[in-house]
Amino acid sequence: MQYCDHCKVQINGAHLVCPLCGGIIEQKESAKEEEVFPQIPTIYQEFNVFIRVLLFISIAVTVISFAVNMIFTKESRWSILVAAGILCMWISLFFIIRKRNNIPKTIVWQVGLLGVLSVLWDASMGWIGWSIDYVIPSICVGAMIVMAVAAKILKIGVRDLIIYFLVDGIFGFIPIIFILFGWLNVIFPSVICVAVSAISLSALMIFEGDSMKTELNKRMHI
Amino acid sequence: MLMTRKKPVQWTRLDNAAKIFPPNTNEKDTKVFRFVCELKEEVDREILQEAVNKTIILFPVYRSVLRKGVFWYYFESTELMPEVVEEYKPPCSMLYHPNRRNLLFEVTYYRKRINLEMYHALADGTGALGFFKTLLYFYITSKYKEDFKEQLPNLDYDASFAQKMDDSFLKHYTGEKCLNKVKVTRAYRIAGRRSIDNRLKVLEGVMDVKEILALAHRYNTTLTVYLTALFMKAIYQEMPARAKKYPVVLSVPVNLRIYFPSVTARNFFGTINISYDFTKNKDDLDSIIKGVKEEFARELTEEKLRKHMNRLSALEHNAFMRIVPLFIKDWVLRFANRINDKGITATLSNIGKITVAKELAPYITLFNCFNSARRPQIGMCSFGDRLVISFASPFDGTDIQKNFFRMLSQEGVAITITSSSREVG
């Protein structure tokens, strides 16, 4: 064992300097003693290369489109749309990355997010109605199909899926409001969406009612 | 939708003390603590794995993952099994990652040492020690079967499943109204440079408990008071002149099982703050010891601990607090933690004397414990004659540690230092 003359302490392990005071300690032959802690190299955390490249491309595209817009097409403001599109992509990507460990949760978040974003786009481009005619009904149904398939492939258990299925099923009923208030130009996607939601929700209640109740109790306890 | 049925899922609420941990867990403060047991011989992985498998059956409460509900976090039982691996990451690394489902404790080994790392939301030191001792019991009695042919030693942790799961905060909550507001006075805060990967640096000093006891008795006090005072003095010596107007406040966790009957394997602790103001008092050791002793006498009473416990529980039972969504609770708890943190200089936790069945003692060299820390922090425990004082610090500097151990070595105490980090060379 080594000894530090300044600190007057014995030192375990092969050190060049005293771990307390940093002073030189006398090297002894017997210093090659057993290590008590394994030596673990410094862990460097870096952003994913993919994210960095994507971020760089986004900034470059936004800047270039603003520049081109200002030089050649002064009368229109299309570059704002480009920037908004890129911003929406990043909002969506942010939630995907944040919730990536829970696939059904990611899907439900995306349904909500894309629904809201599509309405915002539609409204800001002089309301045509494509967002509530097509986008919202189809992402609700799409999410249900994706969840069912993902659950089969990734072997996600019933109880980990059930709540998200329920939430998506409830989202699927929102188009009823559009139908009732007569906001729609094209009615069939919304009708299909509500029908599919009604069928899956009733299946959920009939076959998985008990699990759903425990699951709700667990997650909603106050 | 019809898939294979799993066992009905069990879930439990977090106890009162555990609630503060999940929102405040991050790379810089992982809220993980470690128990170490150094054996006389190198550890056998297979036997350790078997011992873990046997132990976990007795502690089903630890076989759970932490999840987010709409209003609260909760533990959910899991089918995951703990896997014993050789130590592969810096001490007290992250165990809880939001949205990830993994066990909240880990058993690792390195050469002669067995390490149990545990996420603080799951258990406190005393709770985890029950698990650790059971694990060691199974390991030693299986590794050295030959020696225990005639009779197996007794396992000294006696608690039913329900008792281990018990939320003792809830059990001892009286609902009495405590209106006295606690004002946080700003304490001196130690600053320093961190390493790139925020790793914890551990410096442990092994010494003879009898020598320290003799020293404490010479100052006419107890071991805890003596070492607390010494820690204060070590911090004071490094305080920049401008910061000397702030008091040094040490937070000391207290095992509430001593004051309120409980054998829970989960959290049941409170903390008291021991404060010393160097502007109003003298800076020699005798005066500090006197001050610290008075503080302990004032703070460490059943009455004060009960009041404190009730105040914290009342927050949890508050109707308004309960219906606030989790993400807002997270902000509130982060804010509360930051405020509370302003009033604390460092932490000193004394696990005390660790005992095992006398037949097992010959196989064990020492026990050691330390906690993840935002500032230099002391964890100490004794086993047999060996007292181990561990400094866990996120900072590169070791001046406080140096001051502390030098004061002891100057008194003639023989100390052996072990460091988790080694200079490159």
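The lining of the largest cavity is made up of 3 nonpolar, 8 polar and 3 charged residues, where Asp, Glu, Lys and Arg count as charged, Ala, Val, Leu, Ile, Met, Phe, Trp, Tyr, Cys and Pro as nonpolar, and the others, Gly among them, as polar. The model is predicted, with local features requiring pLDDT of at least 70 and side-chain atom pairs pLDDT 80 or more, whereas totals for chains, interfaces and linings use all residues. Residues are numbered from 1 along each chain as its sequence is written, chains are lettered from A and ligands numbered from 1 in the order in which they are written, and side-chain values use heavy atoms, without hydrogens and water.

This cavity holds about 70 Å³ of space. Its lining comprises 14 residues, of which Asn12(A), Gly13(A), His15(A), Glu35(A) and Ser419(B) are the closest to its centre. In total there are 4 cavities of 30 Å³ or more (a cavity being grid points, 1 Å apart, where a 1.4 Å probe fits but cannot get out, and lining residues having an atom within 4 Å of a point).

Strand E2 (residues 9-11) of chain A pairs with E15(B) in the parallel sense over 2 bridges, and Gln10(A) stands opposite Thr416(B). Strand E8 (residues 201-208) of chain B pairs with E15(B) in the antiparallel sense over 4 bridges; here Val206(B) stands opposite Thr416(B). Pairing requires at least two DSSP bridges, and a strand is a DSSP run of at least two residues.

E8(B) is also joined by 8 bridges to strand E14 (residues 386-393) of chain B, in antiparallel fashion, with Ala392(B) as the bridge partner of Val202(B). These strands belong to an open sheet of 9 strands with mixed pairing, ordered E1(A)-E2(A)-E15(B)-E8(B)-E14(B)-E13(B)-E11(B)-E9(B)-E10(B). Strand E1 (2-4) of chain A and strand E10 (269-276) of chain B stand at the edges with a single partner strand each, so one side of each is left without a neighbour in the sheet.

Another open sheet, in chain B, has 3 strands in the order E1-E4-E3, with antiparallel pairing. Its edge strands are E1 (11-13) and E3 (64-68) of chain B, each pairing on one side only. Between E1(B) and strand E4 (residues 73-77) of chain B there are 3 antiparallel bridges, and Trp11(B) stands opposite Glu76(B).

Technical notes. 1 Å grid on protein atoms, 1.4 Å probe; cavity = no way out; pocket = protein on both sides within 12 Å on 5 of 7 lines; lining within 4 Å. Points joined across faces, edges and corners; volume = space filled by probe spheres on them.
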